[in-house]
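Subject: Structure for you to look at

Hi,

Here is the structure I promised to pass on. Have a look at it first, then read my notes below.

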Amino acid sequence: MPRVLIVEDEPALRRALAINLKARHYEVDAVGTGTDALAAAATGELDLVILDLGLPDLDGVEVIEGLRGWSQVPIIVLSAREAQAQKVRALDAGADDYVTKPFGMDELLARIRAALRRAEGTEPVPAVVATASFTLDLAAKRATRDGAEVRLTPTEWHLIEALVRRPGTLVPASQLLAEVWGPAYEKETNYLRVYFAQLRRKLEAVPGTPEHFITEPGLGYRFEP
Ligand code: CA
């Protein structure tokens, strides 16, 4: 049974999270402060942390930095819609994903499952990714849309691979840039804007309202199969 630590100062939400996770057979610890979170993490094996960024004692980002000093445990942060800058800092500090409040429990549970699969290294790397709009054969490097072949450049394939390996997961812009262009390019977010516009034109049914290559403004990109 995966052990999940919930860090949330709002009692009603903390209780709701604990009840939902226990019902799905997770082992749950729930605390309401950053100090208690670091203490709980230090006392035992954790498989995942759900961390509210707005805590009464420590900043959630400080909790992430504290954990990342010695632990690679997956961290999903809960953040307020208006706290964009804090979300970016949380991801830079080592959070794996985020969910914006108010969120549906199903969405959070899906993010938890994805984070746990990635941590176990059991996230299957698909050879063929098929969506309603297009099909990508990653092994043969063949893309088709409506039955017609679409030509993609090596850089476009590289970008696609970096994203579809983590379906449904936010991949920070800096991480995509480092993986595809190299660590010196981590701040060149304009590259991503140009390449994703290109990919959408080639693959999305309606490039202006993409359903598969999703931009998370200021944060990164997400592939929705
Ligand atoms: Ca809070």
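What follows is a short tour of the metal site, the salt bridges, the charged surface and a few backbone details.

First, some housekeeping. This is a predicted model, so local features need pLDDT of at least 70 and side-chain atom pairs count only at pLDDT 80 or more, while totals for chains, interfaces and linings use all residues. Residues are numbered from 1 along each chain as its sequence is written, and side-chain values use heavy atoms, with hydrogens and water left out.

**The calcium ion**

Which residues hold the calcium ion? The protein donors are Asp-9 (OD), Asp-52 (OD) and Gly-54 (O), at 2.1 to 2.3 Å. Donors here are N, O and S atoms within 2.8 Å of the metal, or 3.2 Å for Na, K and Ca; water is not among the atoms, so sites may look incomplete. Along the sequence the donors follow the spacing D-x42-D-x1-G. Asp-9 sits in the loop between strand S1 (3-7) and helix H1 (11-23), and Gly-54 in the loop between strand S3 (48-52) and helix H3 (60-68), so this pair ties together parts 45 residues apart in sequence. (Helices, H or I with at least four residues, and strands, E with at least two, are DSSP runs numbered from the N terminus.) Asp-9 is partly exposed at 30% relative accessibility, and Gly-54 is partly exposed at 43%. On that scale, buried means under 20% relative accessible area, exposed means over 50%, and partly exposed is in between (1.4 Å probe, protein chains only).

**Salt bridges**

How many salt bridges are there in the whole structure? The search finds 14, a salt bridge being a side-chain nitrogen of Lys or Arg within 4 Å of a carboxyl oxygen of Asp or Glu. Here are some of them:

- Arg-89 pairs with Asp-59, with the closest N and O atoms 3.5 Å apart. Arg-89 is in helix H4 (residues 84-93) and Asp-59 in the loop between S3 and H3, so the bridge ties together parts 30 residues apart in sequence.
- Lys-141 meets Glu-161 at 2.7 Å, N to O. Lys-141 is in the loop between strand S7 (134-137) and strand S8 (142-145) and Glu-161 in helix H6 (residues 154-164), so parts 20 residues apart in sequence are tied together.
- Lys-202 pairs with Glu-156, the closest N and O atoms being 2.8 Å apart. Lys-202 lies in helix H8 (residues 189-203) and Glu-156 in helix H6, so this pair ties together parts 46 residues apart in sequence. Glu-156 is buried, at 0%, whereas Lys-202 is partly exposed, at 25%.

There is also a network of salt bridges linking Asp-97, Glu-107, Arg-111, Glu-216 and Arg-222.

**Backbone details**

Lys-101 and Pro-102 are joined by a cis peptide bond, with omega about -5°. Pro-102 is in the loop between strand S5 (97-101) and helix H5 (105-120).

Lys-141, from the salt bridge with Glu-161, has a positive phi near 55° although it is not a glycine. Asp-146 is another non-glycine residue with a positive phi, about 50°. Asp-146 lies in the loop between S8 and strand S9 (148-150) and is exposed, with a relative accessible area of 70%.

**Charge on the surface**

Back to Asp-9: together with Glu-10, Asp-36, Asp-57, Glu-62 and Glu-65, this residue belongs to a patch of negative charge on the surface. Patches are made of residues with over 30% relative accessible area and no salt bridge, with like charges joined within 9 Å and nonpolar side chains (Val, Leu, Ile, Met, Phe, Trp, Tyr) within 5 Å. Accessible areas come from the Shrake-Rupley method with a 1.4 Å probe, and for residues only the protein chains shown count as cover. Lys and Arg count as positive and Asp and Glu as negative, leaving out His and the chain ends; a charge is placed at NZ of Lys, CZ of Arg, CG of Asp or CD of Glu.

Cheers
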